[in-house]
Structures are given as structure tokens and as C-alpha cells.
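This briefing goes through one protein model, topic by topic. Please keep the sequence and the structure in view while reading.

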Amino acid sequence: MMDGSDTPRNAANLVLLGPPGAGKGTQARMLEEQFGLVQLSTGDLLRAAVAAGTEAGRAAKAVMEAGDLVSDEIVIAILRDRLAEPDCAKGVILDGFPRTTVQAEALDGLLAEIGQGIRAAISLEVDDAAMVTRISGRYTCGGCGEGYHDTFKVPSKPGACDKCGGTEMKRRADDNAETVEQRLRAYHAQTAPLISYYESRGVLARVDAMAEIEAVARELNAIVAKAVA
Ligand SMILES: [Zn+2]
């Protein structure tokens with residue numbers, strides 16, 4: 001066990017919230033580069049801990065092999081180990097954890113133990129109707145993989161790829177309007193309590209994720225620059 005004496009006290013830890021399609025991955029990579037933060041997604045964390053064979057990793061492996069969900073306690077233990085690693089000194093961007101207020105409280109408890117906290121919880125806000133149009137309209141050329149969109153990027157010759165002339169277009173089955181609407185509803189239902197939680201603690205920042213990628217990046221930069229300072 002580590003005693004926490006060598007953990008950095010000035011780490012700027014962030015929580016990034018946003019539905020699928022809001023550009024979370026792109027923006028998180030930008031923040032990693034800009035501020036030296038490390039993005040930690042729950043899936044990656046678990047896989048790495050299992051591969052490393054740490055105590056918590058072995059516990060997670062046993063639970064997963066039994067077909068059960070890994071408990072909050074195990075995820076927190078894995079996170080505790082991970083935060084002690086030198087690359088997390090400047091702070092982390094948490095993605096996919098916490099998902100519930102119970103997890104958010106457990107996370108705050110862990111961070112308090114090591115003299116840290118959540119500096120900002122950033123919510124990438126989307127317009128649901130526009131997201132449905134954006135996601136359900138996209139398709140790709142089966143020949144070369146070029147991306148198209150019913151509204152925003154139509155091939156110059158209908159039904160034929162501009163790049164390779166191919167006529168076989170592919171749509172992801174889960175990109176249809178109904179599925180996208182369901183995903184968004186589930187996201188809002190799950191995230192609303194977390195948004196209130198962080199708002200009540202004065203660390204919530206809302207960003208309009210429907211703007212151009214560069215505009216979103218600028219806004220995020222300003223928020224994180226303040227959180228890091
Ligand atoms: Zn093509």
C-alpha cells in the first residue's frame with residue numbers, strides 16, 4: 001500500500017461527460033496534448049489492471065470471468081493505483097466513470113484521501129434532434145470507406161462514390177434514428193443526477209458541443225486552463 005506522501009497535490013482532475021457522437025474522444029485527445037493530462041476510460045483502466053496482475057486487477061478478473069459486473073470498490077481501487085503513477089501527475093480526464101452519484105461520492109472520497117479533487121466536470125451538451133440528424137444520416141462507401149451524409153455530404157452523382165465510383169453504400173445498423181434517440185434518452189437519464197451533483201459542488205461547466213470542433217476546443221481549453229491554474 002502506498003501512503004500517499006509522494007502523490008502530487010496539484011493534479012487537475014477532470015470528469016468529461018457527453019453522449020456518444022458528441023466528440024468526447026477528439027476533445028479529450030486535444031486536452032491530453034495541450035495540458036499533459038491523461039485520459040482514463042473505465043474499460044482501458046480495467047484491461048490494464050487485469051494485464052498488470054495487480055491485486056485489484058486480479059479481483060476484477062475473477063469477477064469478470066464469473067460474468068459479473070466489477071464493483072465500484074474494485075474500480076476505485078484500480079483508479080487509486082493508476083493515479084499514483086507518474087504520468088498522472090498533472091491530472092487525469094475521467095471518461096465513463098463516475099456514472100452514478102454513488103460512484104461520484106466514492107471518487108471524491110478517494111481523491112480527498114490523496115489530497116486531490118475534481119477541478120471541473122465538463123458536460124458536452126448536445127441538441128438531441130440535431131444529433132439524430134447528424135448520426136442517422138451518415139453512411140460510408142463499401143469500396144473505399146469514404147464517409148457521406150444524407151444532408152451534409154451528398155455524393156455529386158447520386159448513389160456513386162466521388163472517390164472510387166463504387167455504388168455499394170453501407171450504413172451502421174445502430175445509426176438509425178430510433179436507436180440514436182434511445183441512446184440519447186438513456187444518456188440523459190443516467191447523467192442528469194451526476195450533472196446536478198457536480199453543479200451543487202460548483203465545478204460543473206457546460207460546453208455547447210454542437211459548435212464547430214475548433215470552437216468547442218477553444219471553449220474547453222479556456223475551462224481547463226482555469227482548472228489547471
Ligand atoms: Zn468509394
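In which helix does alanine 60 lie? Alanine 60 belongs to helix 3, which covers residues 55-65. The model is a predicted one, with an average pLDDT of 92. The notes below cover the overall build, the nonpolar cores, the zinc site and several individual residues.

**Overall build and confidence**

- The protein has eight helices and eight strands.
- Along the principal axes, its C-alpha atoms fill a box of roughly 65 × 40 × 30 Å.
- Of its 229 residues, 41% count as buried.
- Among contacts between residues at least 6 apart in sequence, 69% join residues at least 24 apart.
- The protein exposes about 12200 Å², and carbon and sulfur atoms supply 52% of that area.
- A pLDDT of at least 70 is reached by 96% of the residues.
- Over residues 1-8 the pLDDT is below 50, and this stretch has seven contacts in the model beyond near neighbours in sequence.

**Nonpolar cores**

- The largest nonpolar core has 35 residues, of which Leu79, Leu107 and Tyr198 touch the most other members.
- Helix 4 (residues 72-83) gives the most to this core, contributing six residues.
- Beyond its neighbours within four places in sequence, leucine 79 contacts Leu40, Leu45, Leu94, Phe97, Leu107 and Leu110.

**Zinc site**

- Four cysteine SG atoms coordinate the zinc ion, from Cys141, Cys144, Cys161 and Cys164, at 2.3 to 2.4 Å.
- The arrangement is tetrahedral because the four donor atoms subtend angles of 101 to 114 degrees around the zinc ion.
- For comparison, the ideal angle for four tetrahedral donors at a metal is 109.5 degrees.
- The donor residues follow the spacing C-x2-C-x16-C-x2-C in sequence.
- Cysteine 141 is in strand 5 (residues 138-141) and cysteine 164 is in the loop between strand 6 (147-149) and strand 7 (169-170), so the pair ties together parts that are 23 residues apart in sequence.
- Cysteine 141 counts as buried because its relative accessibility is 2%, under the 20% cut-off.
- Cysteine 164, with a relative accessible area of 42%, is partly exposed.

- Not counting residues up to four places away in sequence, alanine 60 touches Leu46, Val50, Val70, Ile74 and Ile78.
- Alanine 60 and alanine 173 are 113 residues apart along the chain, and their C-alpha atoms are separated by 32 Å.

**Asparagine 13 in strand 1**

- Asparagine 13 lies in strand 1, which covers residues 13-17.
- Its relative accessibility is 1%, so asparagine 13 counts as buried.
- Leaving aside neighbours within four places in sequence, asparagine 13 is in contact with Leu83, Gly91, Val92, Leu111, Gln116, Gly117, Ile118, Arg119 and Ala120.

**Glutamate 125 in strand 4**

- Glutamate 125 lies in strand 4 (residues 118-125).
- With a relative accessible area of 27%, glutamate 125 is partly exposed.
- Leaving aside neighbours within four places in sequence, the contacts of glutamate 125 are Ile195, Arg206, Val207, Asp208, Ala209 and Met210.

- Proline 98 sits in the loop between strand 3 (92-95) and helix 5.
- The peptide bond from phenylalanine 97 to proline 98 is cis, with omega near 0 degrees.
- Most peptide bonds, by contrast, are trans.
- Phe97 is also one of the residues in contact with leucine 79.
- Alanine 106 lies in helix 5 (residues 101-113) and counts as partly exposed, at 30% relative accessibility.
- Computed along the sequence, alanine 106 and aspartate 72 are 34 residues apart, while their C-alpha atoms are 8.0 Å apart in space.

Conventions:
Residues are numbered from 1 along each chain as its sequence is written. This is a predicted model: local features need pLDDT of at least 70, side-chain atom pairs count only at pLDDT 80 or more; totals for chains, interfaces and linings use all residues. Side-chain values use heavy atoms; hydrogens and water are left out. A nonpolar core is a set of buried Ala, Val, Leu, Ile, Met, Phe, Trp, Tyr and Cys residues joined through side-chain atoms within 4.5 Å. Buried means under 20% relative accessible area, exposed over 50%, partly exposed in between (1.4 Å probe, protein chains only). Helices (H or I, at least four residues) and strands (E, at least two) are DSSP runs, numbered from the N terminus. Contact means heavy atoms within 4.5 Å. Donors are N, O and S atoms within 2.8 Å of the metal (3.2 Å for Na, K and Ca); water is not among the atoms, so sites may look incomplete. Four donors count as tetrahedral if all angles lie between 85 and 135 degrees; four count as square planar and six as octahedral if opposite donors are over 155 degrees apart and all others between 65 and 115; anything else is irregular. Accessible areas come from the Shrake-Rupley method with a 1.4 Å probe; for residues, only the protein chains shown count as cover. pLDDT is the predictor's confidence in each residue, from 0 to 100.
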